[in-house]
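Subject: The structure, plus what turned up in it

Hi,

Here is the structure I promised to pass along. Have a look at it first, and then read on for my notes.

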Amino acid sequence: SHIQVFEDNQSCISLALTPRSDGRMKHVEITVHFLRDMFKDEKYTLEYCPTVQMIADILTKALGTVAFRRHRASLGVVGPQD
């Protein structure tokens, strides 16, 4: 079995899946190589998820009311007015 990882940053997806190295990436190089190994070994799959559909955003950033309520409902959580 494997784990699906959803990401809304296409540059991050490209970095994780495409072997390349330059001086600007030195500070993340070890982490990137670890991630590439995980995807290469098919333990994980990396898939694009548009920002408006990224339910995890409710846990990581301040959202507007509409997005907050949509993500909250996706999690099956109801608010006091619901």
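Let me start with the cysteines. Cys12 comes out as partly exposed, because its relative accessibility is 34%. Cys49, by contrast, has a relative accessible area of 10%, so it is buried. Keep in mind throughout that this is a predicted model. How many disulfides does a search of the whole structure find? The count is 0.

Next, helix H4, which runs over residues 65–74. Its buried residues are Ala67, His71 and Arg72. They sit on the same side of H4, because the arc they cover around the axis is only 130 degrees. In general, an α-helix has 3.6 residues a turn, so residues three or four places apart point the same way. Thr65, Val66 and Ala73 are exposed on the other side of H4. And what covers the buried residues of H4? Helix H3 is included in that cover. Just after H4 comes Gly76, with a positive phi of about 80 degrees.

His71 deserves a paragraph of its own. Its relative accessibility is 3%, and anything under 20% counts as buried, so His71 is buried. Which residues is His71 in contact with, leaving aside neighbours within four places in sequence? They are Val52, Gln53, Met54, Ile55, Ile58 and Leu63. With Ile58, the separation is 13 residues in sequence, while the C-alpha atoms are 6.4 Å apart in space.

Now over to H3, a helix made of residues 57–60, where you will find Asp57. Is Asp57 buried or exposed? Asp57 is buried, since its relative accessible area is 7% and the cut-off for buried is under 20%. Not counting residues up to four places away in sequence, Asp57 touches Asp8, Thr51 and Leu63. Leu63 also turned up among the contacts of His71.

Last, a bit of surface. Ile55, one of the residues that His71 contacts, is in the loop between strand S2 (44–48) and H3. Ile55 has a relative accessible area of 31%, so it is partly exposed. Together with Leu75 and Val77, Ile55 forms a nonpolar patch on the surface. The three of them have about 230 Å² of accessible area together.

Cheers

Key: Residues are numbered from 1 along each chain as its sequence is written. This is a predicted model: local features need pLDDT of at least 70, side-chain atom pairs count only at pLDDT 80 or more; totals for chains, interfaces and linings use all residues. Side-chain values use heavy atoms; hydrogens and water are left out. Helices (H or I, at least four residues) and strands (E, at least two) are DSSP runs, numbered from the N terminus. Buried means under 20% relative accessible area, exposed over 50%, partly exposed in between (1.4 Å probe, protein chains only). Contact means heavy atoms within 4.5 Å. Patches are made of residues with over 30% relative accessible area and no salt bridge: like charges are joined within 9 Å, nonpolar side chains (Val, Leu, Ile, Met, Phe, Trp, Tyr) within 5 Å. Accessible areas come from the Shrake-Rupley method with a 1.4 Å probe; for residues, only the protein chains shown count as cover. A salt bridge is a side-chain nitrogen of Lys or Arg within 4 Å of a carboxyl oxygen of Asp or Glu. A disulfide is a pair of cysteine sulfur atoms within 2.5 Å. The arc is that of the directions from the helix axis to the C-beta atoms.
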